[in-house]
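Thanks for coming. I will go through the pockets, then the annotated positions, then some charged pairs. Please have the model open while I talk.

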Amino acid sequence: MHIETTALEGVLIFTPKRFGDDRGFFMESFNQRVFDDAVGQPTAFVQDNHSRSAKGVLRGLHFQNAPHAQGKLVRVAAGAVFDVAVDIRPGSATFGRWVGVELSADNQRQLWIPPGLAHGFLVLSDSADFLYKTTDYYAPQAEGAIRWDDPDLAIAWPDVGRAPLLSAKDAAAPPLNPR
């Protein structure tokens, strides 16, 4: 497993080793010991989620507030997405900054987004199967969202040839710092 740091503290990129031949491939997509060593603490995942979305769908930017803040380990099993984490941790030196990574079935990269960050993704391929593990259960009373095109964040979303397709909730999300 290859592990990379990003510009946001605690946000990591994991790239599993992939072994292949003419029959296909094998990879270990998750190893608890390796993961815990990389993040520097024991981490318990309590829920696995799977979404399928069409090209141009943008989901996010989502988060859950304490005491239900979620860490997420995300990956793509089919297709490709541009995945974004935004630091919304009060007092963080990188508050309001973001990192974006292409995750795909081809590159097998995974992104660890610790609790306290917002998360979203844009589907780049015809469709994408997006898988993620969470460290807390979905708690609708704790959920929040930030506007995907907040000018203060200035996320450089890739051009997919049309305006992003949003849920009503995401289209109505406020900016990070309402004026």
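**Pockets, annotated residues and salt bridges**

Strand 6 makes the largest contribution to the lining of the largest pocket, giving five residues. Keep in mind that this is a predicted model.

Staying with that pocket, its volume is about 420 Å³. The lining comprises 24 residues, and those nearest the centre are His-62, Lys-72, Tyr-132, Tyr-138 and Lys-169. Besides strand 6 (58-64), at least two lining residues each come from strand 5 (47-54), strand 11 (117-123), strand 12 (127-134), strand 13 (143-145) and helix 2 (168-171). What is the make-up of this lining by class? There are nine nonpolar, ten polar and five charged residues.

The second largest pocket holds about 150 Å³ of space. Among the residues lining it are Ser-29, Phe-30, Arg-75, Gln-110 and Tyr-132. The classes here are four nonpolar, three polar and three charged.

Now the annotation. Which residues does UniProt list under "active site"? The record, an unreviewed entry, gives His-62 and Tyr-132. They are spread over 71 residues of sequence but cluster in space, with a largest C-alpha distance of 13.4 Å.

Take His-62 to begin with. His-62 sits in strand 6. Its relative accessibility is 23%, so His-62 counts as partly exposed. Setting aside neighbours within four places in sequence, the contacts of His-62 include Lys-72, His-119, Gly-144, Lys-169 and Asp-170.

Tyr-132 is in strand 12. Is Tyr-132 buried, exposed or partly exposed? Tyr-132 counts as partly exposed, because its relative accessibility is 21% and the buried class stops under 20%. With neighbours within four places left out, Tyr-132 is in contact with Gln-47, Asp-48, Asn-49, Lys-72, Leu-73 and Val-74.

Last topic, the salt bridges. The structure holds seven, and I will cover three of them.

One joins Lys-169 to Glu-143, at 3.1 Å from N to O. This pair links distant parts of the chain, with Lys-169 in helix 2 and Glu-143 in strand 13, 26 residues apart. Lys-169 has 43% relative accessibility and counts as partly exposed. Glu-143 is also partly exposed, at 30%.

Another runs between Arg-109 and Glu-4, where the closest N and O atoms are 3.1 Å apart. Where do the two partners lie in the chain? Arg-109 is in the loop between strand 9 (98-104) and strand 10 (110-113), while Glu-4 is in strand 1 (residues 2-5), and they are 105 residues apart. Arg-109 has a relative accessible area of 22%, so it is partly exposed. Glu-4 is partly exposed too, at 26%.

The remaining one I want to show is Arg-23 with Asp-21, the closest N and O atoms being 2.6 Å apart. Arg-23 counts as exposed because its relative accessibility is 74%, and exposed begins over 50%. Asp-21, at 40%, is partly exposed.

Technical notes:
Residues are numbered from 1 along each chain as its sequence is written. This is a predicted model: local features need pLDDT of at least 70, side-chain atom pairs count only at pLDDT 80 or more; totals for chains, interfaces and linings use all residues. Side-chain values use heavy atoms; hydrogens and water are left out. On a 1 Å grid over the protein atoms alone, a cavity is a set of points where a 1.4 Å probe fits but cannot get out, and a pocket is an open set with protein on both sides within 12 Å along at least five of seven lines; lining residues have an atom within 4 Å of a point. Grid points are joined across faces, edges and corners, and a volume is the space filled by probe spheres set on the points. Helices (H or I, at least four residues) and strands (E, at least two) are DSSP runs, numbered from the N terminus. Ala, Val, Leu, Ile, Met, Phe, Trp, Tyr, Cys and Pro count as nonpolar, Asp, Glu, Lys and Arg as charged, and the others, Gly among them, as polar. UniProt positions are given in the numbering used here, feature names are shortened, and annotations may be inferred rather than shown by experiment. Buried means under 20% relative accessible area, exposed over 50%, partly exposed in between (1.4 Å probe, protein chains only). Contact means heavy atoms within 4.5 Å. A salt bridge is a side-chain nitrogen of Lys or Arg within 4 Å of a carboxyl oxygen of Asp or Glu.
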